[in-house]
Amino acid sequence: MDKDLEAIGSHCQYTYCNQLDFLPFRCESCKHTFCLDHRTETAHKCARAGEWAAARRKATESTTNGTPLNGKPTPATGTQCSHPLCKTYINTLSAVGVACQTCNRQYCLKHRLREEHACATLTPLGARPASLVNIQKQKAQGALDTFRALIARNKKPAAEASLGGRKAPTSSTVATLADIRRSAKGDAKIPAEKRLYLHVEAEAATTSAKLPAGNFFYNKEWSVGRMLDEAAKGLQVQNVNNRGGGEEERLRVYHVQGGRLLEFGEKVGVGLLSGNTIVLLRGVGPAVPDLISV
């Protein structure tokens with residue numbers, strides 16, 4: 001009977017234990033068998049402690065780096081030559097990859113030369129396509145032309161603004177302000193004494209506004225930047241000013257009566273009057289007159 005039991009289980013090989021265990025554990029480092037109490041390397045004071053963990057870690061690192069232990073690349077671990085007709089795997093133990101400094105691609109030895117992979121016809125990896133650059137230049141130039149046209153059309157208001165921009169209101173300006181007040185939309189929480197009523201337009205050539213124009217009121221204590229955000233929301237104009245990026249996609253506020261672009265940090269109630277008109281322009285650059293030749 002005892003022999004039958006021993007045939008089923010195994011004795012713990014830890015010194016002074018020798019317990020018969022029907023579900024023994026095998027140490028992958030020293031290859032010996034132990035009972036439940038002595039199964040860990042620490043419990044049985046393994047003479048080759050850590051060897052199994054080190055071997056497994058090395059195998060994992062080799063697979064992660066794309067270099068299998070047997071040196072044979074696979075679609076999951078190898079890098080294929082960038083030539084469209086080549087199936088050679090590179091950067092392995094058996095095949096070296098060569099980087100082309102012109103098109104920023106890697107090739108096998110056969111296609112490493114510029115003439116072999118038609119380098120002159122390729123767009124370098126990481127480079128911005130020339131077509132996109134041209135489109136952005138055209139959009140910026142169109143916005144700048146619109147800006148210049150607005151300045152030329154409002155020479156007289158700009159001259160008045162140079163004297164302070166606060167002349168006595170005429171009957172026409174009073175009528176215009178009354179029309180704006182009647183149809184103006186805005187935040188109802190803004191106190192009546194702090195409301196500034198403006199006519200807002202979105203220049204169609206540089207913005208894709210669903211509403212080309214409208215009358216709105218804003219808080220006089222707001223900055224121009226906050227007013228711009230509310231104006232873009234009111235006209236449903238795409239506004240990416242808060243996401244970073246270049247000037248070609250940023251919106252700017254043009255004050256028609258003042259004949260200038262407003263700084264984002266200006267107070268709305270300082271440079272604007274109720275009844276004035278502002279235009280949202282995209283890609284016209286910073287609000288610095290010296291940088292835009294008119």
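This is a predicted model: local features need pLDDT of at least 70, side-chain atom pairs count only at pLDDT 80 or more; totals for chains, interfaces and linings use all residues.
Local features are reported only at pLDDT of at least 70 and side-chain atom pairs only at pLDDT 80 or more, whereas totals for chains, interfaces and linings use all residues. Residues are numbered from 1 along each chain as its sequence is written, and side-chain values rest on heavy atoms, with hydrogens and water left out.

The protein chain contains seven helices and 13 strands, taken as DSSP runs numbered from the N terminus (helices: H or I, at least four residues; strands: E, at least two). Of its 294 residues, 32% are buried, where buried means under 20% relative accessible area, exposed over 50% and partly exposed in between (1.4 Å probe, protein chains only). The chain exposes about 18600 Å², of which carbon and sulfur atoms supply 54%; accessible areas come from the Shrake-Rupley method with a 1.4 Å probe, and for residues only the protein chains shown count as cover. Among contacts (heavy atoms within 4.5 Å) between residues at least 6 apart in sequence, 48% join residues at least 24 apart.

An open sheet is formed by five strands in the order 10-9-13-11-12, with mixed pairing; two strands are counted as paired if DSSP finds at least two bridges between them. Strand 10 and strand 12 (260-261) stand at the edges with a single partner strand each, so one side of each has no neighbour in the sheet. Strand 9 runs antiparallel to strand 10, the two being joined by seven bridges, and His-199 stands opposite Asn-215 in strand 10. With strand 13 (residues 277-282), strand 9 pairs in the parallel sense over four bridges; here Val-200 has Ile-278 as its bridge partner. Strand 11 and strand 13 are antiparallel and share five bridges, and Val-253 is the bridge partner of Leu-280 in strand 13. Six of the eight residues of strand 9 are buried, so this strand is largely enclosed by the rest of the structure.

The largest nonpolar core has 27 residues; such a core is a set of buried Ala, Val, Leu, Ile, Met, Phe, Trp, Tyr and Cys residues joined through side-chain atoms within 4.5 Å. Elements giving two or more residues to this core are helix 5 (171-183), strand 9, strand 10, helix 6 (224-235), strand 11 (251-255) and strand 13. Helix 6 provides the largest share, six residues. Leu-198, Val-200 and Leu-280 are among the residues with the most contacts inside the core. Beyond its neighbours within four places in sequence, Leu-198 is in contact with residues including Ile-180, Phe-216, Met-227, Leu-272 and Ile-278.

Three aromatic pairs are present, defined for rings of Phe, Tyr and Trp (its six-membered ring) with centres within 6.5 Å; planes under 30 degrees apart count as stacked, over 60 as edge-to-face and the rest as tilted. The ring centres of Tyr-197 and Phe-217 are 5.6 Å apart and the planes lie at 50°, so this pair is tilted. Tyr-197 belongs to strand 9 (residues 195-202) and Phe-217 to strand 10 (residues 213-219), so the pair ties together parts that are 20 residues apart in sequence. Both Tyr-197 and Phe-217 are buried. Ring pairs also link Phe-216, Tyr-218 and Trp-222 into a cluster.
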